[in-house]
Amino acid sequence: MSVVVAGCKVNLGLRITGVRENGYHELDSLFWPLPRPCDRLHIRETGTAGLVVQCDTPGIDLENNTLTKAYAALAKRVPNLPGLEVRLNKGIPAGAGLGGGSSDAAALLRWLNSRVSSPLDDQALAEVALTVGADTPFFLINKPCRVRGIGEIIEPCRDDALAGIHLVLVCSQIHASTPQAYADYDAALKASDTVSGQNCLTKTESKANGTFLSGVRTELSIHNDLEDVVFSRHPQLAEIKANLLRLGAGAVAMSGSGSSIVALFAHESHVESQAAAAMLQGENRRVYAHVL
């Protein structure tokens, strides 16, 4: 039995840069990996063909999920994959914009690729990962990266760019639908040619490009284009963001298509970040504090 830990990611800004003919949205975002919350994959070789997935979390499709897709995609490129049983312990909430399913898929791909007689090289494995999900190639690298296109253009960034910054991640029980978020964005864009509103990552753009993101590519726009439309459906998320700003965060944004909210506190704001995490922790929320 092997136990593989799959962490999550947050988006520090997300700009939608175009839509392809197949309907996939192109983006430009800074992906930052976090060790918590995390999923755990308990992997056992069965000696028979194929993959069997078990999970106690309600709502998980055990026959068609990112793990089964990853196994099937790799099987097309690598013959004679070992038969597996994977028991998935979910710690990353679904519909939170944290990439849990993609992280699970990448973890399984890495594990399998390390155990076959003729493993794929990094580029080939990334190509397999992209067929599973747009975020999956990133999790093969699992370092801070600028991600563009539909997830296939990945440029590692300096991992010390935010060194010492305190990050507070608030995960509510709200499930934000990714397809719905993009559909709402498209509808709003079509109606007004632009999505207006206060969806900037920080209170001021100059602060976003200076204090908190020194050393990170400044041409990366620091806001989340999906925030307005998701907040319209889930105003509780806007309230969480407002509370974090009120409690001293210098930068707050929704991660991905939601529903998790990310706050950045300055190096010297350890007390404020801990107080904010404690205050927002509740029965219907999980809050994680990290030092980057």
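Predicted model: local features only at pLDDT ≥ 70, side-chain atom pairs only at ≥ 80, totals over all residues.
How many aromatic pairs does this structure contain? The count comes to 2 aromatic pairs.

**Aromatic pairs**

The rings of F31 and F138 have centres 5.1 Å apart and planes at 80 degrees; since an angle over 60 degrees counts as edge-to-face, this pair is edge-to-face. F31 belongs to strand β2 (residues 25–45), whereas F138 belongs to helix α4 (residues 136–141), so the pair ties together parts that are 107 residues apart in sequence. Both F31 and F138 are buried.

F138 also forms an aromatic pair with F139, and this pair too is edge-to-face, with 5.1 Å centre to centre and 70 degrees between the planes. The two pairs are set out below.

| Aromatic pair | Distance between centres | Angle between planes | Arrangement |
|---|---|---|---|
| F31 and F138 | 5.1 Å | 80 degrees | edge-to-face |
| F138 and F139 | 5.1 Å | 70 degrees | edge-to-face |

Through these ring pairs, F31, F138 and F139 are linked into a cluster. The relative accessibility of F138 is 1%, and because the limit for a buried residue is under 20%, F138 counts as buried. F139, at 2% relative accessibility, therefore counts as buried by that limit as well.

**A sheet of 4 strands**

The strands of an open sheet follow the order β8-β9-β7-β10, and their pairing is antiparallel. In general, the strands of a sheet pair through backbone hydrogen bonds, either parallel or antiparallel. Here the edge strands are β8 (251–254) and β10 (285–291), each of which pairs on one side only. From one strand to the next, the twist averages 15 degrees.

Which strand do 7 bridges join to β10? It is strand β7 (residues 166–172), and the two run antiparallel. Within the sheet, L167 stands opposite H290 in β10.

**Helices across the sheet**

Two helices may be described together with these strands. Helix α8 (residues 235–246) lies across β7, β8, β9 (261–265) and β10, and runs at about 10 degrees to β9. Helix α9 (residues 270–280) lies across β7, β9 and β10, and its direction is at about 10 degrees to β7.

Methods: Residues numbered from 1 in each chain as written. Heavy atoms only, no water. Phe/Tyr/Trp six-rings, centres within 6.5 Å; stacked < 30°, edge-to-face > 60°. Buried < 20%, exposed > 50% of the residue type's maximum accessible area, 1.4 Å probe, protein only. Pairing = 2+ DSSP bridges. Axes fitted to C-alpha atoms, helices over the stretch in contact; angles between N-to-C directions. Contact = heavy atoms within 4.5 Å.
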